[in-house]
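Here is a short report for a reader who is new to this structure. Look over the sequence and the 3D view, then read on.

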Amino acid sequence: MKTTLLPLIFAFLLLGLQFHSMSQNQPSKFGKIDLTELESKLCPIDSNAHAYYIFDVGNTSFEYDQTMDKGFQLVFNRHLRIKILDKQAFDWGNFSIPIYQSNFDKEEVTSLKAFTYNLEEGKITKIKLEKSDILTEETSDNWRTLKFAMPGLKEGSVLEIEYDIRSDYLFNLQEWYFQRKIPILYSDYTVKIPEYFNYNRSSTGYYPIQSETGCNFRKLTLTHRQQAEGLTVKEEKYTYDVDFTENIFHYSASNIPAFPEEKFMKTAENYLSKIEFELQSTQFPNQIQKYYTASWEEIDNKLNESANFGLELKRANHLDDDTKLLKDRNLGDEPLMNAALRLIHKKISWNGQYNKYTSATLGRAYKTGEGNSADVNLNLVMLLRSLGFTSHPLILSTQAHGIIHPAHPSITRFNYVIAMVAHNGKTYLLDATDPNSSANLVPIRCLNDKGRVIGDLPDKWINLMDYKSYVSKSQCMITLDSTLSVNGKIRKYLSDYSAYFYKSKLKESAEPEESIKELEEESTSYTINNLQISTSDSIVNQMELSYDISSIDGLNNAADMVYFSPALDPFFNENPFKLEKREFPVEFNYPYQVQRMYAFVLPENYEISELPQPLMIKLPEGAGSFRYDTKKIGNMISISSMIDINKSLFLPDEYELLKTFVQIIVDKEKEMIVLKSRN
Amino acid sequence: MKRKFLQLLIGLLASIPGIAQRNFDYSLVPDSLKKDANAVVRSYSTIYNRLSVEEYTLTVNYVATILNEKGSSAAELLINYDNNSEVADLQGAIYDEKGIYVKSIKKKNFNDYAFNNSFTLYSDNRVKQYSPSATSYPYTVAYTYSIEYKSTVGFPIWFPQMGFGVSAEEAELVINTPEILGLNHMPLNYPFRFEETTSGTSKHFKWTATALKAITYEPGLPDHLDIFPSVLLSPNDIAYEGTTGNFTSWEDYGKWVYSLIDKRDGLPAETLAEIKLLTGPIADAKEKAEALYKYMQQKTRYVNIALGIGGFQPMAATEVHQKGYGDCKALSNYMKALLNGIGIEAYYTEIGSGAYRKIKFPEFPSVNQTNHVILCMPNGKDTIWLECTNQNLPFGYIGANNSDRYSLLVTPNGGKLARTPTYETRKNTRNSNIQVSLFGNGSARIEFTADFRNYLYEDVFYLIGQSKEEQKKELLKTLSRGDLQIDGFSLTDVSGDDAKATLQLNGQMNSYAVTGGNRIFVEPNLMFRHAFAGNQMKNRKQNLYEAVGYAYNDTLNLTIPLNTSIEFLPNDNEFSSPYGSYKITYQKLGDTQIRVSRQITIHKGNFPPEEFGTINAFLTGVLRQDKEKIVLLVGKT
């Protein structure tokens with residue numbers, strides 16, 4: 001995108017550049033290494049760190065390029081210093097700087113200097129990174145990567161790097177991360193934006209950032225030359241001044257701890273403290289204001305008018321034949337939606353690309369049988385509409401891409417689109433990229449807070465979570481004969497996400513015997529025979545498994561006593577929560593409902609000596625419950641175990657409770673039945 | 001309309017030579033090739049035309065029918081190239097189940113990106129890549145392309161099947177070469193039909209294979225070169241990036257490598273003075289070498305930057321010294337320079353590292369059997385081997401990945417094959433001693449010491465340089481279940497002649513034993529999981545390969561709670577199979593203590609499917625026996 005102050009017939013010269021770096025924010029000048037930094041043996045805020053940022057300071061400003069007709073460019077400057085404490089951190093001495101390039105705009109690293117400082121016999125030595133050791137990789141069509149390894153790295157080294165990136169790509173002003181995998185003692189980012197540009201700023205994350213704003217009054221002296229017509233070519237020079245305000249945004253944070261990697265977290269992006277910018281509008285003198293994104297309504301309008309989104313849905317329908325085919329099947333509402341989903345999946349295979357915009361016309365994707373998420377799901381919207389449903393595209397951000405912040409309108413935060421149907425007061429979400437999904441059972445990547453419907457509905461924000469649960473129920477019927485040999489049958493009923501997972505797994509294994517192998521790997525305590533799997537095409541989100549078991553491990557027989565654990569099919573083999581504490585929330589994708597019913601028929605020659613005691617525990621506010629019951633009816637024992645987890649987000653201070661809750665379940669399901677010989 | 005379609009079809013077929021002639025209807029695939037297959041290679045032709053000692057072209061025609069999602073790797077095209085090579089005439093097409101043309105894959109559909117593995121910072125390796133997205137199975141994909149090479153160092157091993165679960169109808173490999181350049185070749189695992197002809201000054205080699213059955217993946221398989229039909233190739237004369245060589249013997253191959261390292265081991269005078277000062281007071285050569293090895297470890301780190309000849313030629317020792325980094329070649333050469341600097345002889349040594357890359361055929365010299373460089377210091381009879389790419393590795397320990405195999409010592413007189421040391425089963429050990437004081441509620445205090453030697457030292461090696469908190473997290477994740485709380489621990493590297501580390505730990509387990517009524521059930525928890533398979537390997541079709549043998553010796557002393565008595569103690573047990581042996585004893589020590597001792601040995605070897613009856617019985621036996629419970633009765637009897 002190019003932006004010039006005045007029409008292109010003028011050439012401009014920018015005088016009196018005042019884009020000095022905001023040195024008042026910079027903790028130290030380049031090359032001015034403090035002895036204490038080199039002497040440091042420990043990160044002051046984390047004794048476990050292998051390396052830390054002494055500081056990381058960034059500046060973004062706008063410069064006016066008088067050559068060509070480039071107009072404003074973004075200049076990003078970053079100055080950082082890293083302390084390497086030990087060998088484990090040597091990879092922090094390898095740097096990659098990705099640079100974007102397209103046909104129209106490009107980014108360029110215009111300067112880069114880097115030094116390694118060491119302490120040798122009490123003296124500071126420095127080694128320069130040579131230009132010849134900076135390598136540029138052509139990573140892919142639009143990306144280049146500058147790569148270099150810092151020279152002379154040792155335990156105790158301090159690395160200092162400063163570079164500038166000059167960019168034509170005004171749409172995305174450089175974001176800034178205040179938190180990384182190693183601690184940062186001081187992080188600071190200053191952005192100076194001329195009044196002509198209006199950026200939406202979104203600050204997210206757990207760790208607090210200080211912010212302040214201010215402004216500068218600036219003067220640009222512009223020169224333009226004009227060629228006068230005549231016998232001799234004469235050039236006339238005009239100069240004039242432009243006064244404008246520069247808005248300054250300054251963010252900083254101190255002593256930011258390292259970001260821990262943890263399981264049960266959808267993406268670190270949701271928790272890392274960072275600041276992002278998105279161009280909302282521009283207004284140059286004597287020109288009308290131009291909007292990019294400003295409000296959600298404008299985003300809606302923009303999408304509705306986009307040739308690769310809304311306008312595609314207004315084109316002539318190429319799905320008439322399919323519509324007729326489906327209508328002729330006389331299905332109920334939800335089965336009809338599922339049939340439409342399956343049909344689109346069969347016709348257009350997803351090429352794995354996430355996008356909210358179509359790659360070509362919907363008709364073309366249909367014809368070539370291939371496309372991105374928008375090609376697939378906007379075709380689905382079109383088909384659902386022609387089947388008579390009220391259907392709209394629902395744009396969202398996938399899990400790894402982080403959640404949407406309703407307070408910060410931004411079109412780039414969305415990277416995916418699915419279909420939504422509003423029918424008889426109910427909301428249905430559909431995604432035809434995945435054959436194992438169905439109405440309201442969308443792929444895991446879509447389970448991410450809220451999405452926005454692009455269509456004529458009163459409530460634009462649609463919840464993406466909690467439509468379906470992970471439901472797994474099983475019934476085990478076990479008969480022990482007088483010689484304690486086992487004859488048992490297990491039936492498992494899987495629905496919603498548990499069926500979804502099992503089906504996805506089945507698809508990967510070519511032979512049914514592989515499924516048995518996997519089942520056996522999961523439950524090593526018995527031998528499986530006769531596995532039968534039944535799925536139905538009409539009820540897409542359910543399946544049933546049954547198998548026989550002929551032995552139980554650990555059916556200990558000690559003289560006249562027998563001990564065994566009745567929980568043959570426990571949900572938790574072990575507690576997944578092992579660490580003492582948790583810094584960030586535990587996130588689940590969906591609620592869990594797990595039921596196990598065990599019935600044991602005992603031989604006449606044994607009597608029951610001990611049975612596990614019933615138990616009932618609940619997490620506060622209905623977040624979860626576990627109910628374990630045992631009953632004795634004549635020579636039969638029946639045991640039921642029910643686990644419910646209804647909350648998708650457990651905060652760090654709820655971790656201990658969640659961990660204990662699961663541990664109680666694990667322990668309970670290990671308890672034993674004791675039988676005593678009657679002889 | 002119909003006519004237009006036909007023309008299009010003809011146009012496309014004509015542009016993919018060798019593909020059009022055949023009908024790729026899936027129904028024509030014989031059942032024997034559908035068995036265990038996720039994809040069937042219908043036709044595959046690889047043709048090398050060697051133009052001169054430097055230049056050659058490679059032309060590939062490939063057609064495969066993809067039967068299901070798992071066969072998608074056979075549908076993906078990945079062409080590696082670099083500054084020495086250029087990809088030309090790249091195109092492809094998709095056909096449906098009946099072999100009817102669906103669409104073409106054009107040059108612009110192929111992705112092109114830099115291709116570096118995780119340990120490489122920068123290289124000039126690039127890849128052209130395409131993978132079709134399927135709507136239904138089966139379907140057929142066809143590719144054709146050629147690559148022009150400006151330099152020749154070797155030809156990759158040719159495999160007619162693209163991995164596991166892929167069968168092949170017909171495949172051919174053709175090499176046309178000027179006779180004077182010569183070619184060394186060796187077929188493996190299949191009786192290829194082979195033709196060798198001469199016309200004028202050219203030689204023509206051709207291998208063909210038909211009806212190759214799919215091979216199923218199983219864990220723990222031996223090397224691919226023991227399983228898959230393949231042809232090893234190596235040109236006699238090479239010319240690569242301005243260098244020339246002759247690869248007819250390892251000796252000559254070594255001469256070429258020597259020419260690349262020669263005169264790259266100089267060091268600045270002040271460095272030589274520094275290391276002389278450092279090693280001066282030490283008398284023994286081995287101890288001098290150890291001091292220099294630690295010096296090298298302090299001074300350097302592993303960074304892989306591979307450009308052109310830099311894939312074969314190390315950075316000069318001075319440069320490593322100055323920058324403080326390098327890859328395996330550079331760091332080994334630097335270490336060699338340090339040793340030479342104090343008058344100790346050492347050889348730059350090429351090796352294949354890992355279970356699947358090694359100099360497997362000592363009689364077949366070629367460039368692609370090695371992928372790593374270490375250092376060999378003859379030191380009289382006490383040969384010392386040094387792996388130079390890790391800053392924490394103990395002196396003289398090269399790891400299981402480099403052990404027990406041929407290596408090529410690069411001497412001024414050429415290459416010499418030598419075997420690297422073998423880490424024997426009895427020296428790859430974990431010995432542990434665990435003290436458990438059990439309480440009536442099933443919780444227990446535990447205290448243990450374990451040492452890990454050689455191959456099993458590698459299990460904990462990655463933890464050694466980590467911080468206390470990271471170590472603790474990792475221990476909590478990997479040590480046996482039971483709601484463990486760690487109160488204190490230490491992990492210490494105590495390497496000497498063997499690589500060795502010691503772990504000491506004390507803590508509490510809230511769920512050590514299961515209580516119920518007036519009984520306590522104790523499954524003796526030996527804290528560590530087994531490295532070998534935990535389940536049976538049914539219907540095994542191929543050998544199981546264990547490159548290294550090892551042994552666990554664990555002892556647990558259980559102090560039972562006050563006011564309890566032992567109701568049941570499992571029987572001692574001992575059993576073995578060719579794969580391993582297991583022995584456990586349960587011993588009463590007075591009224592309040594039980595000692596459980598367990599020895600497990602897993603043997604190195606290549607175990608054929610016939611032995612799986614006994615191997616499975618062994619694995620099941622281990623599983624069952626480890627779950628045996630001690631039963632305690634509350635209240636004195």
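## Helices α5 and α6 of chain B

α5(B) passes α6(B) in a right-handed crossing. A crossing is right-handed if the near helix is turned clockwise from the far one by less than a right angle, and left-handed if anticlockwise. Helix α5 of chain B spans residues 269-279, and helix α6 of chain B spans residues 285-299. They pack at an angle of about 130 degrees, with their axes 10 Å apart. That angle makes α5(B) oblique to α6(B). Angles under 35 degrees count as roughly parallel, over 145 as roughly antiparallel, 65 to 115 as roughly perpendicular, and the rest as oblique. Axes are lines fitted to C-alpha atoms, for helices over the stretch in contact, and angles run from 0 to 180 degrees between N-to-C directions.

From α5(B), the contact takes Ile275(B), Leu278(B) and Thr279(B). From α6(B), it takes Lys288(B), Ala291(B), Leu292(B) and Tyr295(B). Two residues are in contact if their C-beta atoms, placed from the backbone, lie within 7 Å. By class, this contact of α5(B) with α6(B) has five nonpolar, one polar and one charged residues. Ala, Val, Leu, Ile, Met, Phe, Trp, Tyr, Cys and Pro count as nonpolar, Asp, Glu, Lys and Arg as charged, and the others, Gly among them, as polar.

## How to read the model

This is a predicted model, in which local features need pLDDT of at least 70, side-chain atom pairs count only at pLDDT 80 or more, and totals for chains, interfaces and linings use all residues. Residues are numbered from 1 along each chain as its sequence is written, while chains are lettered from A and ligands numbered from 1 in the order in which they are written. Helices (H or I, at least four residues) and strands (E, at least two) are DSSP runs, numbered from the N terminus.

## Helices α6 and α8 of chain B

α6(B) also packs with helix α8 of chain B, residues 328-341. Their angle is about 140 degrees, and their axes are 10 Å apart. α6(B) and α8(B) are therefore oblique to each other. Their crossing is right-handed.

On the α6(B) side are Ala289(B), Leu292(B), Tyr293(B), Tyr295(B) and Met296(B). They meet Tyr334(B), Met335(B), Leu338(B) and Leu339(B) in α8(B). By class, this contact has nine nonpolar, no polar and no charged residues.

In helix α10 of chain B (residues 468-478), Gln471(B), Lys472(B) and Leu475(B) are buried. A residue is buried if 20 or more other C-beta atoms lie within 10 Å of its own, exposed if 12 or fewer, and partly exposed in between, with C-beta atoms placed from the backbone. The three cover an arc of only 100 degrees around the axis, which puts them on the same side of α10(B). The arc is that of the directions from the helix axis to the C-beta atoms. An α-helix has 3.6 residues a turn, so residues three or four places apart point the same way. The buried residues of α10(B) pack against α9 (457-464) and β27 (484-493) of chain B.

The contact between the chains takes 48 residues from chain B and 52 residues from chain A. Which element gives the most to the side of chain B that touches chain A? α10(B) does, with six residues. By class, that side of chain B has 13 nonpolar, 18 polar and 17 charged residues.

## Backbone details in chain B

Most residues other than glycine have a negative phi, and most peptide bonds are trans. The peptide bond from Tyr137(B) to Pro138(B) is cis, with omega near -10 degrees. Pro138(B) sits in the loop between β8 (126-130) and β9 (139-149) of chain B.

Asn189(B) has a positive phi, near 60 degrees. Its place is the loop between β11 (183-188) and β12 (193-199) of chain B. Asn189(B) is partly exposed, with 15 other C-beta atoms within 10 Å. Phi of Asn454(B) is also positive, near 50 degrees. Asn454(B) lies in the loop between β26 (444-453) and α9 of chain B. Asn454(B) is buried, with 22 other C-beta atoms within 10 Å.

## Chain A

Chain A has ten helices and 36 strands. Of its 679 residues, 37% count as buried.

Tyr163(A) is in strand β8 of chain A, residues 158-167. Tyr163(A) is partly exposed, with 19 other C-beta atoms within 10 Å. Its C-alpha atom is separated by 8.2 Å from that of Phe76(A), 87 residues apart along the chain.
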